[in-house]
Amino acid sequence: MLMSVFRCLRTNPVAGLRSMSQSSLAGKVAIVTASTDGIGLAVAQGLGKRGAHVVVSSRRQANVDKAVKLLQSQSIQVTGTTCHVGNREDREKLVQT
């Protein structure tokens with residue numbers, strides 16, 4: 001499945017841009033784990049720019065604070081919390097947030 005998506009975007013890069021720009025996530029909440037750096041942060045930015053309220057998380061509070069500040073500077077609605085996804089209580093807290 002994933003390979004077919006990459007193949008489609010490689011042969012028709014406009015298709016991916018068109019579908020992303022036309023769909024709005026206003027009124028939705030997006031929970032993105034491991035989202036304070038790298039790919040996770042890029043996903044959070046993309047979802048936030050499409051209108052979603054983004055919940056970012058990391059194991060370290062300092063990383064969460066840094067990501068929240070960055071996303072807020074881009075006018076993205078964001079909430080941050082610490083979460084170790086291997087810990088059941090942390091996952092429950094993340095969803096409640």
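A residue is termed exposed when its relative accessible area is over 50% and buried when that area is under 20%, with partly exposed residues in between. These terms are applied below to a predicted model. By this criterion R88 is exposed, because its relative accessible area is 55%. E92, with a relative accessible area of 41%, is therefore partly exposed.

R88 and E92 are joined through their side chains in a salt bridge, with a distance of 3.1 Å from N to O. The structure holds 1 such salt bridge. Both residues belong to helix α5, which comprises residues 88–96, and they stand 4 residues apart, about one turn of the helix. In general, an α-helix has 3.6 residues a turn, so residues three or four places apart point the same way. Side chains of opposite charge can pair when their charged atoms come close.

The protein chain as a whole contains 5 helices and 3 strands. Along the sequence these elements follow the pattern α-α-β-α-β-α-β-α. Of the 97 residues in the protein chain, 27% are buried. Among contacts with a separation of 6 or more, 50% are made by residues 24 or more positions apart.

Helix α3 consists of 12 residues, 38–49. At 1.5 Å a residue, α3 should span 16 Å, and the distance of 17 Å between its end C-alpha atoms agrees with this expectation. The buried residues of α3 are G40, L41, A44, Q45 and G48. Because these residues cover an arc of only 140 degrees around the axis, they lie on the same side of α3. Their cover includes strand β1 (29–32), strand β2 (53–58) and helix α4 (61–73). The face of α3 turned away from the buried side carries the exposed residues I39 and K49. After α3 comes G51, which has a positive phi, near 110 degrees.

The largest nonpolar core is formed by 11 residues, namely V32, L41, A44, V54, V56, V64, A67, V68, L71, I76 and V78. At least two residues of this core come from each of α3, β2 and α4. The greatest contribution is that of α4, which gives 4 residues. In soluble globular proteins, nonpolar side chains tend to be buried together. One member of the core, V54, touches A30, V32, A44, L47, G48, I76, Q77, V78 and T79, when residues up to four places away in sequence are not counted.

Two serine residues are also buried. S35 is situated in the loop between β1 and α3, and its relative accessible area is 0%, so S35 counts as buried. The side chain of S35 reaches the backbone oxygen of V32 at 2.6 Å. With residues up to four places away in sequence left out, S35 touches G40, L41, A44, V55, V56, S57 and A67.

How values were computed. Residues numbered from 1 in each chain as written. Predicted model: local features only at pLDDT ≥ 70, side-chain atom pairs only at ≥ 80, totals over all residues. Heavy atoms only, no water. Expected span 1.5 Å × (residues − 1). Buried < 20%, exposed > 50% of the residue type's maximum accessible area, 1.4 Å probe, protein only. Arc of directions from axis to C-beta. Contact = heavy atoms within 4.5 Å. Core = buried A, V, L, I, M, F, W, Y, C linked by side-chain atoms within 4.5 Å. Salt bridge = Lys/Arg side-chain N within 4 Å of Asp/Glu carboxyl O. Polar contact = N/O pair within 3.5 Å; in protein donor to acceptor, adjacent residues only side chain to side chain.
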